[in-house]
Amino acid sequence: MFDVSETTNDEGEPIDAGDILAQLSRFAHHSAAQEDKIYLDQMLKVINDLPPDQRRAFILRRILGFKEEAVAEKCGVTDRTIRYRVTRADQQLKKFKEDL
């Protein structure tokens, strides 16, 4: 579902962003009202529908909290490219929120 292949945390352990998002979804569903659950499912779909490079950068930067430089290194691109990819993903999520 979420391809972050060859991505590791700071300790060098593999990161499975799909598992992380699934855990986030389960946590939110456990404590959220039905309307919030629907919103969360729709938001996760928007993230899943991002182009793979944007999705990977967004997950690593916004959800997992890696520094921009670390994400760039993990993805093999420049900091500027990561900034662009995350900004584009942010714009998609902003559009999603505005369309509600």
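## Working around V46

V46 touches Q92, L93 and F96, leaving out residues up to four places away in sequence (contact means heavy atoms within 4.5 Å). This is a predicted model, in which local features need pLDDT of at least 70 and side-chain atom pairs count only at pLDDT 80 or more, while totals for chains, interfaces and linings use all residues. Residues are numbered from 1 along each chain as its sequence is written, and side-chain values use heavy atoms, with hydrogens and water left out.

**Exercise 1. Work out which residues make up the largest nonpolar core, and which elements supply them.**

Step 1: A nonpolar core is a set of buried Ala, Val, Leu, Ile, Met, Phe, Trp, Tyr and Cys residues joined through side-chain atoms within 4.5 Å. Buried means under 20% relative accessible area, exposed over 50%, and partly exposed in between (1.4 Å probe, protein chains only).

Step 2: list the members. The largest core has 10 residues: L40, L44, V46, I47, L50, F58, I59, A89, L93 and F96.

Step 3: assign them to elements. Helix 2 (34–49), helix 3 (52–63) and helix 5 (79–99) each give two or more residues to this core, and helix 2 has the largest share, with 4. Helices here are DSSP runs of H or I with at least four residues, strands are E runs of at least two, and both are numbered from the N terminus.

**Exercise 2. Check the length of helix 2 and find which of its residues are buried.**

Step 1: do the span test. With 16 residues at 1.5 Å a residue, helix 2 should span 22 Å, and its end C-alpha atoms sit 23 Å apart, which agrees. The expected span is 1.5 Å times one less than the number of residues.

Step 2: pick out the buried ones. They include L40, L44, V46 and I47.

Step 3: look down the axis. The buried residues of helix 2 fall within an arc of 155°, so they line one face of the helix. The arc is taken from the directions that run from the helix axis to the C-beta atoms.

**Exercise 3. Where is the confidence lowest, and where is it highest?**

Step 1: start with the overall picture. The protein has a mean pLDDT of 81, and 68% of its residues reach 70 or more; pLDDT is the predictor's confidence in each residue, from 0 to 100.

Step 2: go element by element. Confidence is lowest in helix 1 (residues 17–31), at a mean of 65, and highest in helix 5, at 95.

Step 3: check the chain start. Over residues 1–5, pLDDT stays under 50, and the model has 16 contacts beyond four places in sequence for them. Where pLDDT is low, the predicted coordinates should not be read in detail.
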